[in-house]
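Here is a short report for someone meeting this structure for the first time. Keep the model in view while reading.

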Amino acid sequence: MDVLKEYASDTQTFIGSKAIEKTLHHKEVKLTSFLELIRNININFDINQDILVTCTDTKSFGDIRVNTLDTGYSNSKKNRGQCPIDHQLKLFKALDINIPQESFFRSTILSCVIFPNKQMIFVDSYVRNKRLIILNEDGTHDRNINLTKKPFDIAVIDNNKIALSFPWSKRNRIRIIDITNNKSEPDIFLKNKCYGISYDKGRLFVVVKTEGILIMDLSGNISACLPISSIGIFYVHVKMTEFIVLTNAMTQYSVMIWKEVLFGHLKIPI
């Protein structure tokens, strides 16, 4: 009313006040009718006396059995330059691999995988290369697959397909490539940078910055997330849906292992 009186004439103020009065009356009627429907309700609970008799006669509700279970978690740390070795384990060098160079450009190998046919694929993320290097079982060079963006990690999906993570592209993405014809499926886009990637039984496990490990199908539909701190964690490895291994590529090279308790539903102690 003060606003009307300040800016409107007496006639306009009168007409406006009548309109407001009509609206308020309509609202008041609705509110009053609603309030009339509200009732105060008191709920009282009367104990059945037969239950008290039963409790008096009962000496024990049962026995408690404690079973010690494996938590499914282990942590291994070592200092730089030191590696604990089982003295019963004997390792033999089977092959020397020379990565083919592109003229005077060096290579930056961040990851590699071995296909069922024993071929090896190395991820070369050097800014002027951006390629996949495919070597045969004997270490000879088979071919290269050139990429438009720098890849970080690689995972084998089947005999012909691989998945690559691209944390340095303008849009963080995962790309699935058929290496027989170099054709790509539609990219899977993520909100944050995606680093380590692993595949097992139709699921991709991806280390995503500030989120943890995202578990998704090959179309990018996310089914679960392991909300771990992803600071300094860059790689993930999944084997037979039994263990998830995270390796810290920085500082102390720590390794964390989780067991998957139920197939299809991850029950992970965080």
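## A helix and its buried side

Helix H2 has Thr13, Gly16 and Ser17 among its residues, and these three are buried. This is a predicted model. The buried residues of H2 pack against helix H1, which covers residues 2–7.

How far apart are the end C-alpha atoms of H2? They are 41 Å apart. H2 runs over residues 10–37, which makes 28 residues. At 1.5 Å a residue, the helix should span 40 Å, so the two values agree.

## The chain as a whole

The chain holds three helices and 17 strands. It has 270 residues, and buried residues make up 30% of them. Take the contacts with a separation of 6 or more: residues 24 or more positions apart account for 35% of these.

## Aromatic pairs

A pair of aromatic rings is described by the distance of the centres and the angle of the planes. The count for this chain comes to five aromatic pairs. One of them joins phenylalanine 152 and tryptophan 168. Their centres are 5.8 Å apart, with 65 degrees between the planes, and the pair is edge-to-face. This pair links distant parts of the chain, 16 residues apart. Phenylalanine 152 is in the loop between strand S5 (141–146) and strand S6 (154–156). Tryptophan 168 is in the loop between strand S7 (161–166) and strand S8 (173–178).

Are these two residues buried or exposed? Phenylalanine 152 has a relative accessible area of 6%, so it is buried, as the cut-off is under 20%. Tryptophan 168 has a relative accessible area of 40% and is partly exposed.

Phenylalanine 152 also pairs with tyrosine 195. The ring centres are 5.3 Å apart and the planes lie at 80 degrees, so this pair is edge-to-face. It too links distant parts of the chain: phenylalanine 152 sits in the loop between S5 and S6, while tyrosine 195 is in strand S11 (residues 194–200), 43 residues apart. Tyrosine 195 is buried, with a relative accessible area of 13%. Phe152, Trp168 and Tyr195 belong to one aromatic cluster that also includes Phe234 and Tyr235.

## Charges over rings

The charged end of lysine 150 sits over its ring, 4.4 Å from the centre. Elsewhere, the charged end of arginine 175 sits over the ring of phenylalanine 166, 5.5 Å from its centre.

## The largest pocket

Rolling a probe the size of a water molecule over the atoms shows where empty space is left. The largest pocket holds about 260 Å³ of space.

S15 supplies the largest share, four residues.

## A glycine in a loop

Glycine 220 lies in the loop between strand S13 (212–216) and strand S14 (222–226). Its relative accessibility is 22%, so it counts as partly exposed. Which distance separates the C-alpha atoms of glycine 220 and leucine 204? They are separated by 8.5 Å, and the two residues are 16 residues apart along the chain.

Note on methods
Residues are numbered from 1 along each chain as its sequence is written. This is a predicted model: local features need pLDDT of at least 70, side-chain atom pairs count only at pLDDT 80 or more; totals for chains, interfaces and linings use all residues. Side-chain values use heavy atoms; hydrogens and water are left out. Helices (H or I, at least four residues) and strands (E, at least two) are DSSP runs, numbered from the N terminus. The expected span of a helix is 1.5 Å times one less than its number of residues. Buried means under 20% relative accessible area, exposed over 50%, partly exposed in between (1.4 Å probe, protein chains only). Contact means heavy atoms within 4.5 Å. Rings of Phe, Tyr and Trp (its six-membered ring) pair if their centres lie within 6.5 Å; planes under 30 degrees apart count as stacked, over 60 as edge-to-face and the rest as tilted. A charge sits over a ring if NZ of Lys or CZ of Arg is within 6 Å of the ring centre and within 35 degrees of the ring normal. On a 1 Å grid over the protein atoms alone, a cavity is a set of points where a 1.4 Å probe fits but cannot get out, and a pocket is an open set with protein on both sides within 12 Å along at least five of seven lines; lining residues have an atom within 4 Å of a point. Grid points are joined across faces, edges and corners, and a volume is the space filled by probe spheres set on the points.
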